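This briefing goes through one protein model by topic.

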Amino acid sequence: MTVIELRFEEPDADHGAVVGAVQILDEKLVTVATSVLRADKAVPVELPGGRYFADGWSPDGARLHGAVDTAESPLLRVERQERPASASPHGSVRVWWHHGRDWTPGATADTADFLRCDDNAGSAVVWTPASGASQVFVVPTWTDLVVSADGVGVRPGLGATLLGYRHRGDGYSARVVVKEAIATGGGSDVVADIMTGYYLVCGGNAAARDWMSRLAWFYADSVDVMVLNAQLMLREAGTVPTAREELHRAVSGGLPFVAEGLRLLAAGLALLGESSPVRHYTAAQLGTALTSFWGEDPRVPRRKPASSGDVEPCDNDVPVAVPVPPRETEREQRPLAGLSEALDALNGAGLVPADRQVDVGDLRLNAVIDRNISRTDRLDLDLWVKHLAGLRGLTVGVRESAALHHLGSFDDRGRLRVTGLRPGQWAFSVCEPPARSRFAGPVAPLPVAAPALELLAAAGEGDREEVLRVSTPPAVLVLFRERHGGRFRLEASRPRGDDQLAIGVEYGTTAGETALRVAPYPIGRRIRRETAVEFDDFDAGAHWQVAELTPADIALLDPADLVPSLTPAFAAAWRELAEHLPDAHRALVDRYLG
């Protein structure tokens with residue numbers, strides 16, 4: 001075995017602070033290990049000799065990558081793909097303290113590189129840039145803060161790393177960092193301790209109760225701790241009255257510094273049928289990891305900057321559209337969030353046959369991994385959910401490597417099956433359908449191709465034609481890139497049949513737009529039916545999705561959207577399909593393909 005040393009530079013963090021997480025892949029691009037990254041300090045990872053690649057994302061969304069050949073050096077230097085230019089944070093800050101039931105302003109000072117809020121009660125910082133409107137950021141106490149041109153944040157370190165991953169929805173990286181946070185035992189880093197609480201409580205982890213008991217001792221006055229305790233109580237029989245009291249304590253204690261906690265507080269009150277005193281804050285919340293909103297006073301949240309002309313605060317005299325769902329909607333949304341947390345607990349599974357069970361709230365997920373009957377070197381995966389409400393037809397992705405993915409969907413019995421998987425550290429994810437699509441029926445979101453391209457380049461296979469292979473039964477999709485020219489081609493195959501079918505692809509273009517392509521499957525007696533889509537403007541970094549289309553589905557598309565898809569290569573298949581399409585679509589096929 002060889003000890004590889006992971007190194008990563010983060011000048012804004014203390015030496016040795018945890019600032020990220022990566023997965024380590026072998027030459028076959030299969031994940032063999034995961035590790036945290038520490039600022040300017042080597043992290044040892046023991047692996048067999050060979051070539052390895054580090055891949056991941058920083059807490060603020062930048063790509064992390066690196067490569068090493070142990071025959072040449074044990075040092076694996078992880079680099080950040082791009083680092084935003086640090087703008088000078090010219091402006092002023094003003095700290096507010098929350099004591100009892102009200103906010104008290106402090107002195108205003110010029111912006112410094114770092115702030116520290118030394119107080120045992122909730123606090124907020126009003127950040128006023130030299131040019132622009134003021135914003136209020138609710139911040140944790142006893143914590144170093146960073147002031148930048150983007151506002152106020154937590155200084156890079158273990159807590160900020162967890163906060164960033166949790167905000168971005170990167171559960172895979174968060175799980176790696178949480179293990180590090182739990183190992184500390186708690187009590188030394190308020191942000192890391194509380195973010196670990198969010199991870200455990202919202203994920204239905206069995207360790208949540210013990211961890212929250214520690215937090216209640218260390219941070220008795222923390223609004224975030226009160227909100228998380230209430231969430232646990234709402235799941236336990238006979239503790240709803242206590243949960244109600246805990247939520248009332250949270251409202252009286254100020255505001256949670258975690259934006260996710262503000263939403264949980266509002267949802268908890270709505271679930272109990274109570275009016276929400278924080279509804280004006282949820283309506284004004286900005287898209288940051290910390291609770292934040294426009295304004296100069298934490299007591300008066302604004303939905304828009306004062307300079308925009310909307311100077312009215314979100315107070316009781318102004319009606320506000322409150323995004324708090326009714327109780328029925330809240331129950332419907334729980335299974336999806338619970339499934340994400342349950343799958344996160346399975347990330348890394350797939351080394352050996354196993355039978356695992358994960359409970360998240362009312363949702364129970366059973367995972368059965370067994371040997372494939374026809375290929376004993378492969379594994380089959382069955383996922384079962386006990387409460388199917390809201391999950392029927394939902395697609396789940398299983399990633400074997402950066403270039404090999406499998407998709408499956410839950411059937412009416414609550415079963416999802418994926419076969420022929422190679423043993424390894426699989427990663428699971430929920431493939432949520434896009435908010436908008438030109439396809440009327442269900443669509444399957446596909447993995448973004450850019451990460452696979454980057455890893456192939458790092459592995460010295462940057463000119464390889466096959467970039468991505470996705471198994472989405474009954475079809476197999478393979479994305480190719482030309483060795484010269486860089487054009488992309490998607491090939492699709494499925495079992496033979498006499499039904500009229502086509503594949504539809506909605507993708508992002510290099511011009512920043514969304515385009516659509518449709519390719520019919522030819523009808524024939526071959527074992528597999530094959531078709532393909534050629535792309536001149538495919539953006540490998542954009543999201544894309546596919547759908548299997550019937551003539552009825554194609555009839556709902558605008559005929560003009562089909563023009564780029566009418567290529568001579570599949571003229572015969574288009575003419576077969578046109579016989580089942582409306583007159584306008586059939587005329588278009590005749591016009592372009594004869």
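Helices, of at least four residues, and strands, of at least two, are DSSP runs numbered from the N terminus. On that basis, D40 is found in the loop between β3 and β4 (43-47). The model is predicted. The protein has 13 helices and 31 strands, and 52% of its 594 residues count as buried.

- Contacts between residues at least 6 apart in sequence join residues at least 24 apart in 58% of cases.

**Salt bridge E9 to R77**

- The side chains of E9 and R77 form a salt bridge, with an N to O distance of 3.8 Å.
- This pair links distant parts of the chain, 68 residues apart: E9 is in the loop between β1 (2-7) and β2 (18-25), and R77 is in strand β7 (residues 75-77).
- E9 has a relative accessible area of 54% and is exposed, while R77, with a relative accessible area of 39%, is partly exposed.
- E9 counts as exposed because its value of 54% is over the 50% cut-off.

**Salt bridge R155 to D144**

- R155 and D144 meet through their side chains in a salt bridge of 3.7 Å, N to O.
- The two residues are 11 apart, with R155 in the loop between β15 (151-154) and α1 (158-168) and D144 in strand β14 (residues 144-148).
- D144 has a relative accessible area of 26% and is partly exposed.

- A salt bridge joins the side chains of R487 and D536 at 2.7 Å, N to O.
- R487 lies in the loop between β26 (475-481) and β27 (488-495), and D536 lies in the loop between β30 (528-535) and β31 (544-549), so the pair ties together parts that are 49 residues apart in sequence.
- R487 is partly exposed at 30% relative accessibility, whereas D536 is exposed, with a relative accessible area of 65%.
- Both residues belong to a network of salt bridges that links E482, R487, R489, E491, E534 and D536.

**Cavity**

- The structure holds 1 cavity of 30 Å³ or more, and about 30 Å³ of space lies in the largest cavity.
- The residues lining the largest cavity are L446, L468, V470, L477, V478, L479, L490 and W544.
- The largest share, 3 residues, comes from β26.

**Backbone features**

- P473 and P474 are joined by a cis peptide bond, with omega at about 5 degrees.
- L29, a residue other than glycine, has a positive phi, near 65 degrees.
- L29 is placed in the loop between β2 and β3 (31-38), and L29 is buried, with a relative accessible area of 5%.
- D40 is not a glycine either, yet has a positive phi of about 55 degrees.
- Is D40 buried or partly exposed? D40 has a relative accessible area of 34%, so D40 counts as partly exposed.

**Strand β12**

- S123 lies in strand β12 (residues 123-129).
- S123 is buried, with a relative accessible area of 1%; the cut-off for a buried residue is under 20%.
- The C-alpha atoms of S123 and T141 are separated by 6.8 Å, and the two residues are 18 apart along the chain.

Methods
Residues numbered from 1 in each chain as written. Predicted model: local features only at pLDDT ≥ 70, side-chain atom pairs only at ≥ 80, totals over all residues. Heavy atoms only, no water. Buried < 20%, exposed > 50% of the residue type's maximum accessible area, 1.4 Å probe, protein only. Contact = heavy atoms within 4.5 Å. Salt bridge = Lys/Arg side-chain N within 4 Å of Asp/Glu carboxyl O. 1 Å grid on protein atoms, 1.4 Å probe; cavity = no way out; pocket = protein on both sides within 12 Å on 5 of 7 lines; lining within 4 Å. Points joined across faces, edges and corners; volume = space filled by probe spheres on them.
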